[in-house]
Amino acid sequence: MTVNVTVVGLGRVGGALARRLSAQEQIQVAGYDRDTGLGREVQRQGPLHKAHLNMRQAVEQADLVLLTGPLAEQHESLRIIAPELRAGSVTATVAPLLAPPLAWAAELLAGRAERYFVACHPAF
């Protein structure tokens, strides 16, 4: 079974996660970064199977979405992708604070059955 993972935010943390995940043959890694040049560069380096230019399209088929951009941008990212998340998908934020993303998810994913959200601290 192939697991489709989308990494939103391909900077240091997102790029490292994409590299690690893409080493697993059963995982297909897509990515999005608002800096399209960074997305293309990360794809050229090899960890992405596909770099998207549109955040909504990037998450449409994802089983797991990793929000790794700056915390200040994650609320807007979650607002944009919430309607596109498929049933059964998991979205995880990787951020230095956990309470704000959890509150955003409670607000933006309310009423969307089978969309799951977890908040993770990037201490790895």
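**View 1. Strands E1 and E4, paired side by side.** Strand E1 pairs with strand E4 in the parallel sense over four bridges, where pairing requires that DSSP finds at least two bridges between two strands. Val5 stands opposite Leu64 in E4. Helices (H or I, at least four residues) and strands (E, at least two) are DSSP runs, numbered from the N terminus. The model is predicted, with local features needing pLDDT of at least 70 and side-chain atom pairs counting only at pLDDT 80 or more, while totals for chains, interfaces and linings use all residues. Residues are numbered from 1 along each chain as its sequence is written, and side-chain values use heavy atoms, with hydrogens and water left out.

View 2. Six strands form an open sheet in the order E3-E2-E1-E4-E5-E6, with parallel pairing. The edge strands, each of which pairs on one side only, are E3 (50-52) and E6 (116-120). On average, neighbouring strands of this sheet are turned by 20 degrees against each other, direction ignored; axes here are lines fitted to C-alpha atoms, for helices over the stretch in contact, and angles run from 0 to 180 degrees between N-to-C directions.

**View 3. Strand E2 between E1 and E3.** On one side, E2 pairs with E1 in the parallel sense over six bridges, and Val7 stands opposite Gly31 in E2. Three bridges also join E2 (residues 27-32) to E3, and these two strands run parallel, with Gly31 standing opposite Ala51 in E3. Strand E1, helix H1 (residues 12-22) and strand E2 make a right-handed β-α-β unit; a crossover is right-handed if, with the strands pointing away from the viewer, the path from the first strand over the helix to the second runs clockwise.

**View 4. Strands E5 and E6 with the helix that links them.** Strands E5 and E6 run parallel and are joined by five bridges, and Thr91 stands opposite Phe117 in E6. The chain crosses from E5 to E6 through helix H5 (residues 99-108), in a β-α-β crossover that is right-handed.

**View 5. Helix H4 across the sheet strands.** Helix H4 (residues 71-81) lies across strand E1 (3-8), strand E4 (64-67), strand E5 (90-94) and E6, and runs at about 155 degrees to E4. Leu71 lies in this helix and, leaving aside neighbours within four places in sequence, is in contact (heavy atoms within 4.5 Å) with Ala95, Pro96, Leu97, Pro101 and Trp104. Although Leu71 and Leu97 are 26 residues apart in sequence, their C-alpha atoms are 7.9 Å apart in space. Ser77, also in helix H4, counts as buried because its relative accessibility is 11%, where buried means under 20% relative accessible area, exposed over 50% and partly exposed in between (1.4 Å probe, protein chains only). With the neighbours within four places in sequence again left aside, Ser77 is in contact with Val8, Met55 and Leu67.

**View 6. The whole chain, for orientation.** The protein has five helices and six strands, and from the N terminus on its elements run β-α-β-α-β-α-β-α-β-α-β. Along its principal axes the C-alpha trace spans about 35 × 30 × 25 Å. Buried residues make up 41% of the 124 residues, and among contacts between residues at least 6 apart in sequence, 66% join residues at least 24 apart.
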